[in-house]
Amino acid sequence: MDIVLYLADEYLLDSVWASLVPLHDPVLPLLRYQQLSSNFTTIASSSRSAWPRDYFFRQVLSLSVITLIGINLLYFVFAGLSYKFIFNHDMMRHPRFLQNQIMLEIRTSVKAFPMMTLLTLPWFQAEVMGYSRLYDSVDQYGWIYLFLSVPFFLLFTDYAIYWVHRILHHPSFYKTFHKPHHKWISMSCSPCMSPDADAAFLFYTVPTPFASHAFHPVDGYLQSVPYHLFIFLFPLHRYLYLGLFVFVNFWSILIHDSDMITGHPLEFIINGPAHHTLHHLYFTVNYGQYFTWADRVGGSYRQPESSLDPLLEVKKVS
C-alpha cells in the first residue's frame with residue numbers, strides 16, 4: 001500500500017491536500033512569482049500543504065479513501081468481468097437462486113467495505129510507516145528467494161485462511177459473523193450440513209462472482225489478516241506483494257462462479273471454483289483458498305464430481 005500511496009501523492013493527492021490544507025507562508029507568493037518568471041515547470045513545487053506526506057493524520061485519511069476506492073474498483077471490475085464472461089447464467093434458473101440475489105450480494109459487499117477498511121487501516125498504516133519487511137531491491141535476498149516467496153506466500157496464507165474460515169463455521173461464530181456469506185436462499189436445504197438449525201433455512205447454494213466479498217465486515221477482515229501478517233513476519237518484494245494482493249482478490253471472485261468443471265489433473269491440488277461450489281453446497285467441506293492440501297490434512301476435503309453439479313438441478317426444471 002505504500003507504493004499506491006506514494007503514486008497517489010505524486011500525481012494527485014499533493015495537489016488535493018495543498019488545496020484543502022494550504023501552507024500559509026508569506027515567502028510562498030514571492031517564490032511562486034520567481035518560479036513563474038524563470039521556469040514554468042517548477043511552479044507546481046511551490047504548492048505545498050500544511051500536512052506533509054509523512055503527517056500521520058493525512059496518511060490515515062488518504063489510505064482510507066484509496067482503500068475504499070480500490071476495493072470497490074477491484075470488486076466491480078473483476079466481479080463484473082467474471083459475471084459477464086465466466087459465470088454460467090443458466091445458474092440463475094436454479095430453484096434456489098433468488099430473483100434479487102445479485103443485488104443482495106452487491107449490497108452486502110458494499111455495506112461491508114467501509115468497516116473492513118477501518119479494521120484494515122492499522123496494517124496499511126504500519127506498512128507505510130516502514131514496520132513491514134517489504135523490500136525494494138531484488139539483490140537484497142536474491143532471485144531464488146524472490147521466486148520461492150510466491151508459493152511460500154500462497155501456502156502460508158492458504159493454511160491460515162483455512163483455519164480462520166473453518167473456525168468461522170463453528171456454531172459459536174457462524175451465526176454472528178459468517179452467516180451473511182451463506183444466507184440468500186430462504187428454504188430448507190436438506191443436504192447442507194449446517195452448524196445450527198437456523199442456518200439451514202437461510203442458505204444459498206449457487207453464488208455468483210458478486211458473492212465473493214459479501215461478508216460481515218469482521219468476517220472479511222479476519223480472512224484478510226494472513227495477507228497482511230505475512231509481510232510483517234517474512235521478507236517480500238514490494239511490487240510482488242502488490243501484485244499478489246490484487247491476485248488474491250481476483251481469485252476470491254473466480255472461485256465464486258459456481259463452475260463445476262471436473263476431471264482435470266489440477267483438481268487434486270488446486271482449490272478451484274468446483275471445490276468452492278461444493279463448500280456452498282455442503283457447507284462443512286473445502287475451506288481452503290488456493291490448494292486442497294489443508295482440507296485433506298484437516299479431514300474436510302470433498303472431491304468435485306460431475307454428479308454434484310448444481311447445473312443438473314437447472315436442467316431438471318427446464
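Colour the chain by pLDDT, the predictor's confidence in each residue, from 0 to 100. The chain averages a pLDDT of 84, and 85% of the residues score at least 70. This is a predicted model, in which local features need pLDDT of at least 70, side-chain atom pairs count only at pLDDT 80 or more, and totals for chains, interfaces and linings use all residues. Residues are numbered from 1 along each chain as its sequence is written, and side-chain values use heavy atoms, with hydrogens and water left out.

Select helix H2 (residues 27-38): confidence in the chain is lowest here, at a mean of 42. Strand S2 (residues 236-237) has the highest, at 98. Helices (H or I, at least four residues) and strands (E, at least two) are DSSP runs, numbered from the N terminus. Over residues 27-46 the pLDDT is below 50, and this stretch has 11 contacts in the model beyond near neighbours in sequence; contact means heavy atoms within 4.5 Å. Residues 185-204 also have pLDDT below 50, with 60 contacts beyond near neighbours in sequence. Where pLDDT is low, the predicted coordinates should not be read in detail.

Next, select helix H9 (residues 273-282). Because 10 of its 10 residues are buried, H9 is largely enclosed by the rest of the structure. Buried means under 20% relative accessible area, exposed over 50%, and partly exposed in between (1.4 Å probe, protein chains only). Show helix H5 (142-168), helix H6 (171-178) and H8 as well; they are among what covers the buried residues of H9. Just after H9, phenylalanine 283 takes a positive phi of about 75°.

Now select Tyr75, Ile102 and Phe210. These have the most contacts inside the largest nonpolar core, which has 17 residues. A nonpolar core is a set of buried Ala, Val, Leu, Ile, Met, Phe, Trp, Tyr and Cys residues joined through side-chain atoms within 4.5 Å. Helix H3 (56-85), helix H4 (101-128) and helix H11 (311-317) each supply at least two residues of this core, and H4 gives the most, with five. Not counting residues up to four places away in sequence, the residues that Phe210 touches include Tyr83, Glu105 and Ser109. A second, separate core of 16 residues includes Leu134, Leu154, Val248 and Ile255.

Last, select Met1, Asp2, Ile3, Glu127, Leu134, Arg238, Tyr241 and Leu242, which line the largest cavity. H8 (238-254) gives the most to this lining, with three residues.

How values were computed. On a 1 Å grid over the protein atoms alone, a cavity is a set of points where a 1.4 Å probe fits but cannot get out, and a pocket is an open set with protein on both sides within 12 Å along at least five of seven lines; lining residues have an atom within 4 Å of a point.
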